[in-house]
Amino acid sequence: MTNLLVEESAGGFMRWSADLGQFVVDKEPCDLKKFLVNFASLETGWLIWENNKPNWVMDENRKRGVQPDTRKEWKRGFIVKTYLRKKDGAEESGYYTWSTDQKMSLHAVNDIYKDLESNSNHGEMQIIKVKKYKEIEGALNKKWKAPVLVYEGNCAMPAVDDDPDEGGDLAADDENLF
């Protein structure tokens with residue numbers, strides 16, 4: 001079992017809020033218009049929360065593995081590196097991890113998976129446009145909001161200056177990559 005803790009990841013975190021109908025970035029609601037996905041970093045697997053920590057059993061080569069223990073409530077999920085920009089709604093430009101077992105996010109990524117897979121090039125990231133959300137009926141007739149994502153093309157991977165302790169930041173021209 002792989003234990004991927006929050007502290008092990010560089011940058012911040014993002015997730016989709018099915019109640020709000022928008023992304024949440026580092027615990028703050030965020031009206032993202034676009035973001036980048038590093039499809040090469042996408043990992044899929046089984047997730048269970050134990051002692052307030054995510055425990056993952058990752059698939060091999062994104063091929064669905066067997067549920068680790070049927071006596072526990074494991075859920076399917078994914079982890080992928082993203083890049084967000086201020087001008088597209090993020091509070092800060094930079095790299096973020098999207099890690100989730102939420103069904104609405106799984107639906108959204110599944111809808112564009114073939115586009116991402118067929119257009120994945122080494123050293124590039126995929127441009128994703130957020131077209132608000134669609135409502136999906138869940139248990140007890142509750143309406144959940146699933147993001148509608150559209151693949152728009154590829155661009156170079158944004159660079160980060162070498163020394164963040166010396167005020168290193170994203171390379172100045174990265175804001176114009178997409």
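Let's start with Asp26, which sits in the loop between β2 (22-25) and β3 (28-30); strands here are DSSP runs of E, at least two residues long, and helices are runs of H or I, at least four, both numbered from the N terminus. Before I go on, a quick word on the model: it is predicted, so local features need pLDDT of at least 70 and side-chain atom pairs count only at pLDDT 80 or more, while totals for chains, interfaces and linings use all residues. Residues are numbered from 1 along each chain as its sequence is written, and side-chain values use heavy atoms, with hydrogens and water left out.

Back to Asp26. Its phi is near 45°, a positive value in a residue other than glycine. Most residues other than glycine have a negative phi. Asp26 is partly exposed, because its relative accessible area is 42%; buried means under 20%, exposed over 50%, and partly exposed in between, with a 1.4 Å probe and protein chains only.

Where else do we find a positive phi in a residue that is not a glycine? At Asn141, with about 60°. Asn141 belongs to the loop between β8 and β9, and at 59% relative accessible area it is exposed.

One more loop residue, please: Glu92, between β6 and β7. Its relative accessibility is 43%, so Glu92 counts as partly exposed. Glu92 and Val25 are 67 residues apart in sequence, yet their C-alpha atoms are 9.5 Å apart in space. Setting aside neighbours within four places in sequence, Glu92 has Leu84 and Lys86 in contact, where contact means heavy atoms within 4.5 Å.

Now for the overall layout. The protein has one helix and nine strands, and from the N terminus the order is β-β-β-β-β-β-β-α-β-β. Of its 178 residues, 41% are buried. If we take contacts with a separation of 6 or more, 60% of them join residues 24 or more positions apart.

On to the helix, α1, which covers residues 103-118. Why does its length make sense? The expected span is 1.5 Å times one less than the number of residues, so the 16 residues of α1 should span 22 Å, and the end C-alpha atoms are 23 Å apart, which agrees. Even so, α1 bends by about 50° at Ile112; the bend at a residue is the angle between axes fitted to the seven residues ending there and the seven starting there.

Which residues of α1 are buried? They are Met104, Ser105, Ala108, Val109, Ile112 and Leu116. An α-helix has 3.6 residues a turn, so residues three or four places apart point the same way. The buried residues of α1 pack against β1 (12-17), β4 (34-50), β6 (75-84), β7 (94-100), β8 (124-137) and β9 (143-156).

On a 1 Å grid over the protein atoms alone, a cavity is a set of points where a 1.4 Å probe fits but cannot get out, and lining residues have an atom within 4 Å of a point. Among the lining residues are Phe35, Phe78, Trp98, Ile112, Leu116 and Ile128. β4, β6 and α1 each give two or more residues to that lining, and the largest share, four residues, comes from β4.

Staying in β4, have a look at Thr44. Thr44 counts as buried because its relative accessibility is 15%. The Thr44 side chain makes a polar contact with the side chain of Asp59 at 2.7 Å; that means N or O atoms within 3.5 Å, one able to donate a hydrogen and the other to accept it, with residues adjacent in sequence counting only if both atoms are side-chain atoms. Beyond four places in sequence, the contacts of Thr44 include Met58, Arg62, Arg76 and Phe78.

Last stop: Tyr151, in strand β9. Tyr151 is buried, with a relative accessible area of 19%. The side chain of Tyr151 makes a polar contact with the Asn154 side chain at 2.8 Å. Apart from residues up to four places away in sequence, Tyr151 touches several residues, including Ile112, Leu116 and Ile128. Tyr151 and Asp111 lie 40 residues apart in sequence, with their C-alpha atoms 9.9 Å apart.

Conventions. 1 Å grid on protein atoms, 1.4 Å probe; cavity = no way out; pocket = protein on both sides within 12 Å on 5 of 7 lines; lining within 4 Å.
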